[in-house]
Amino acid sequence: MRAVSVSLRPVALVALAMALAFALACGGSDGDTSTTATTTTTTAPQAPQQPAAAAAPEAATGIFSAPAQPSAAAMPIGEAPTTIADPAMQAKITRVVFGMEPESQEHNTPGRLGPPTNTQNNPMYEYLIGMDPESGAWVPELATSWSVEPDGASIRFQLRKGVPFHKGWGEMTGKDVRHTWQDITHPEASHGNSGNLRRDVEDVLIVNDYEVIFKSPSPNAGLLWILTRQEQSILVQSKDHYDEVGVPDLTKPAIAGTGVYQEVERNQGSYVLYERTPYTHWKMTPDFQELMIKWVPEASTRLAGLLTAEIHVTELPDDLKVQAVDSGMALAAGNAAGLRAFMGLRFGARCPCDIDTRTTIPALDASYKFPDAPLWDIRVRQALNVAIDRNAINEAFFGGKGDLMVRNHHHPTRPGWDPSWETRFEGLYGYNPEKARSLLAEADYGPDNPYEINVQLTQALGWPGGPDVAEAVAGFWRDVGIKTNLQTEDPATQRARGRNFEYSNRAWISGTSSHILMGTRVYDIAANPRIGSPEIPERDEIYYEIARTLDADKQSELFKQLGEVSFLGFYDIPLFWLPPEAAFNPEFVSDYVYPGSVTGTWTHMEFIRAAQ
């Protein structure tokens, strides 16, 4: 049985409602005793005793009992699907292996790094607000309810009682939530939301063990988003464990979490191994005793591993998905719109903009670091767009499955959608190489003076084959006389140069699953984290007004205005909305239920279901 979620209009997702009280009983499940653990759990030395797991209420159904029906202005909260493992079920294998392209940075410090690299840590942590794997709706997780304080800005959370940390590190309480916030806002943290949580949260007040308040200085439409699984920021960790061992590195175990799986070991560059908690988890019992995330860089090797049953679930480019299906494998698609492919342009950072000031928001009238960058010419930016045959790329790389993206971050299911963008897209963005050449000529570029651009060949987040797509785009640009310099940098160099705002004339492939508020903040405006995208004052002003309002209708209208500015400005190169698909071996796995709309895409691995 899959989830039945509360249905609300999409604009409600970005409104911090003035009354967000949702009651939820602590659901429980019977333990799955059908398999026997093959690993030994080592209890941390001198750790406090693990409390008993909370008992399930008699009337609980599925993972969560149904929350109270919210008002139209409230955040949509749904039930999670009924996916508790059947105790009588016997999985064919003890360990399910997820073959994955390596993260850009391997780490076990999700509070200091991430969220794009948190896939490797997600199985062992939980969030205040969870995310339904089928509908994408928010569901109570470590918080059972939340509400906006009388100041109209701060958020109060009621915490779930009786939730133990892994390996005997005590019960999760308010002190651990506050510690997690302190870790992510530490001066040495480079997490994408560090700056936002420093600015938007003055403190996390501990009312009692099971009640905390995120004290905010002013209304902020994005704060609640940051505290959900959707943004992967507040992965609640044990303060006691942290106080004992300090900031972990890859030679030490990760700080204890509360998730369905707990860490067993990490072999750097090779795998991370997790096991089911040895006690009945408050939420669910996964089908598999063990979960391994195995780093496999080559897509062909991941396919071979899938076919030989060395890997049971994996990510593959579309051409290899066809081979997998032809060989008897199956595909599990994500359930919520989010994953996308687009080309970003880096040229327009306002000053100050170096690695020491990257968290400083520049004034709207500040000067630009590269005021003479050729990408400032709108004719060049439009030429880059109309030179691309998107249909050809869609067929070649995505098997025709991609939905045309007419405006990055905006989608018909999201707030601020303007249907006229679809009718105007062909005239402004449609494939027209002659128009591209004409626009370049108007900008004084031609055979004797070609426009030249650097194309960064890096792997896109969330889907394989990013460098190949970037090369294909570069090929269309060469066809209209643009000189393209294909560049490959190691992730550390690229990250350092990007944070120092050294790129002035560069296109790069991207593909995150961020919601409209985060996508706009990260890729469209001068807000933490600044990444060197064009920082246009008009867009910044509209976004800041969005962030200050709690009125859903007003927010939707403002998102529409911001989308129009971006649509007419050609500030990036929209390509496709993509259905994320995981390939799996149906002999061992029957399904994988996940939203696919979270940065990193591969979340909710506890919902990988065993074949019977």
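Author: A charge sits over a ring if NZ of Lys or CZ of Arg is within 6 Å of the ring centre and within 35 degrees of the ring normal. This is a predicted model, where local features need pLDDT of at least 70 and side-chain atom pairs pLDDT 80 or more, while totals for chains, interfaces and linings use all residues. Residues are numbered from 1 along each chain as its sequence is written, and side-chain values use heavy atoms, leaving out hydrogens and water.

Reader: OK, which residue lies over the face of Trp-282?

Author: Look 3.9 Å from the ring centre of Trp-282. Lying over that face you'll find Arg-160.

Reader: And how far from the ring centre of Trp-508 is the charged end of Arg-346?

Author: Here too an Arg sits over a Trp ring: Arg-346 over Trp-508. The separation from the ring centre is 4.7 Å.

Reader: Trp-508 is in E17, so how many residues of that strand are buried?

Author: Strands (E, at least two residues) and helices (H or I, at least four) are DSSP runs, numbered from the N terminus. Buried means under 20% relative accessible area and exposed over 50%, with partly exposed in between (1.4 Å probe, protein chains only). Both faces of E17 are covered, with Trp-508 on one side and Ile-509 on the other among the buried residues. E17 (residues 506-510) is largely enclosed by the rest of the structure, because the buried count is 5 of the 5.

Reader: Which residue of E17 is the bridge partner of Val-455?

Author: Two strands pair if DSSP finds at least two bridges between them. E15 (residues 452-456) runs parallel to E17 over 3 bridges, whereas E13 (residues 340-346) is antiparallel to E17, with 5 bridges. Leu-345 is bridged to Ala-507. Val-455 also has as its partner Ala-507.

Reader: Over to the rings: what kind of pair do Phe-425 and Tyr-429 make?

Author: Rings of Phe, Tyr and Trp (its six-membered ring) pair if their centres lie within 6.5 Å; planes under 30 degrees apart count as stacked, over 60 as edge-to-face and the rest as tilted. There are 21 aromatic pairs in the structure. In this one the centres are 5.0 Å apart and the planes at 5°, so the pair is stacked.

Reader: How wide an arc do the buried residues Trp-421, Phe-425 and Tyr-429 cover around the axis of H9?

Author: An α-helix has 3.6 residues a turn, so residues three or four places apart point the same way. Trp-421, Phe-425 and Tyr-429 are buried in H9. They share a side of H9 because their arc (of directions from the helix axis to the C-beta atoms) is only 55°.
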